[in-house]
Amino acid sequence: MSTKEKVLENLKANKGMEVSGQQLADYCDVSRAAIWKAVNSLRQEGYEITGSTNGGYILSENSDVFNSEVFGDYLKNNFTSLAEVHYELFSEIDSTNTYAKRLLNECGNLRNFDGTLTSAGKKYHKSIIVAESQTAGRGRLGRNFVSPAKTGIYLTVIFAPEGGITNPPRVTASAPVAVCRAIEKLYGIETSIKWINDIFAGGKKISGILTEGSANFETRMIESAIIGIGINIVDNPEVFGSEVSKIAGGILTAEDIKDNKISRCALAAEVAGNLIKILEEPVAAVMKEYKEKSFLLGQTIEVHPVIGDEKSVYKAKAVDIDEEASLVVETESGDRRTLISGEVSLKSSSFGKAD
């Protein structure tokens, strides 16, 4: 273990409390100058450490460090079955989904002829890509997903089980359920789902999900699911812009963030861990939770079956979500229709509320 690692270990054990430079020097069996150098290196990595060589050092309880060690520790401590999964963290990337696609394109076959996973398949199944920011974040229908640094977290989980993806609706429902579970556990706030997979809290959208599949045309199999999740931690109207801010928000306000003790790595690991866990739970239980979280049921909505074609828009009442995660609506004439794609809209004042 390096001096820097030993210093961090000791400061973590005494987080929020002062540890003298001499104590650290004795613990690491090095000079105080070496301690000063190690502390400065940790500060450059993002650790919030106050103090100096003449006094003591304090690792802030609110220190929000984004690195592989912090992410890996949280994942290992809270999801022991995922301790060995492949994960990569980036301070900036074009898109976590795009990067995941590159990984799969370059790794070769995920499965052998008999359907078992190859070495590449075993490596990338359940793998996690996380970024602090994206320069080309993507949402559904090719829309841009604003992904600034320091105010959100952006991640992708690759799911490539033996036998391929046999139940796409499970993936559709699992991702938003995982996000809701994670946010409610860590932040204690209530969340809800707008069909298909937008997450709302406090009346505003705080998370978007883009799920993409990799198909094998010879076997007609969906080889893998690439599940991208973007979460706004801080409500940042200056970044979102005035129009987007009418709908988009964050888990925390700019004032709340000052007292926040939840790291971005913890949130990313909690979401990814929950998602992988949920993807292996009984589908009926997942669909039940997904349906219970929906705030559209009972609401009168506008259905946009063809995006961009205003003539195709019609009003209907959302009455059910079936086992395929499709939205069942009842038109004004009493007809029932099952929506497997398209978009629905609701007045912003009704977001996150039920009749």
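This is a predicted model: local features need pLDDT of at least 70, side-chain atom pairs count only at pLDDT 80 or more; totals for chains, interfaces and linings use all residues.

Colleague: Let us start with K293. Is K293 buried or exposed?

Modeller: Buried means under 20% relative accessible area. K293 has 18%, so K293 is buried. K293 lies in helix α11, residues 283-293.

Colleague: What does the side chain of K293 reach?

Modeller: The side chain reaches the backbone oxygen of T191, at 3.2 Å. T191 is also among the contacts of K293, with C180, E184, S192 and I193. That list leaves aside neighbours within four places in sequence.

Colleague: Now N10. Where is N10, and which residues does N10 touch?

Modeller: N10 sits in helix α1, residues 3-13. Beyond residues up to four places away in sequence, N10 touches V19, L24 and Y27. Its relative accessibility is 13%, so N10 counts as buried.

Colleague: On to the helix pair. How do α7 and α10 cross?

Modeller: Angles over 145 degrees count as roughly antiparallel, 65 to 115 as roughly perpendicular. The axes of α7 (residues 168-187) and α10 (residues 264-278) cross at roughly 140° and come within 8 Å. The pair is therefore oblique. The crossing of α7 past α10 is right-handed.

Colleague: Which residues make the contact, and what is the breakdown by class?

Modeller: From α7, they include R170, V177, R181 and Y187. From α10, they include L267, E270, N274 and I278. By class, the contact has 13 nonpolar, two polar and four charged residues.

Definitions and conventions. Residues are numbered from 1 along each chain as its sequence is written. Side-chain values use heavy atoms; hydrogens and water are left out. Helices (H or I, at least four residues) and strands (E, at least two) are DSSP runs, numbered from the N terminus. Buried means under 20% relative accessible area, exposed over 50%, partly exposed in between (1.4 Å probe, protein chains only). A polar contact is a pair of N or O atoms within 3.5 Å; within protein, one must be able to donate a hydrogen and the other to accept it, and residues adjacent in sequence count only if both atoms are side-chain atoms. Contact means heavy atoms within 4.5 Å. Axes are lines fitted to C-alpha atoms, for helices over the stretch in contact, and angles run from 0 to 180 degrees between N-to-C directions. Angles under 35 degrees count as roughly parallel, over 145 as roughly antiparallel, 65 to 115 as roughly perpendicular and the rest as oblique. A crossing is left-handed if the near helix is turned anticlockwise from the far one by less than a right angle, and right-handed if clockwise. Ala, Val, Leu, Ile, Met, Phe, Trp, Tyr, Cys and Pro count as nonpolar, Asp, Glu, Lys and Arg as charged, and the others, Gly among them, as polar.
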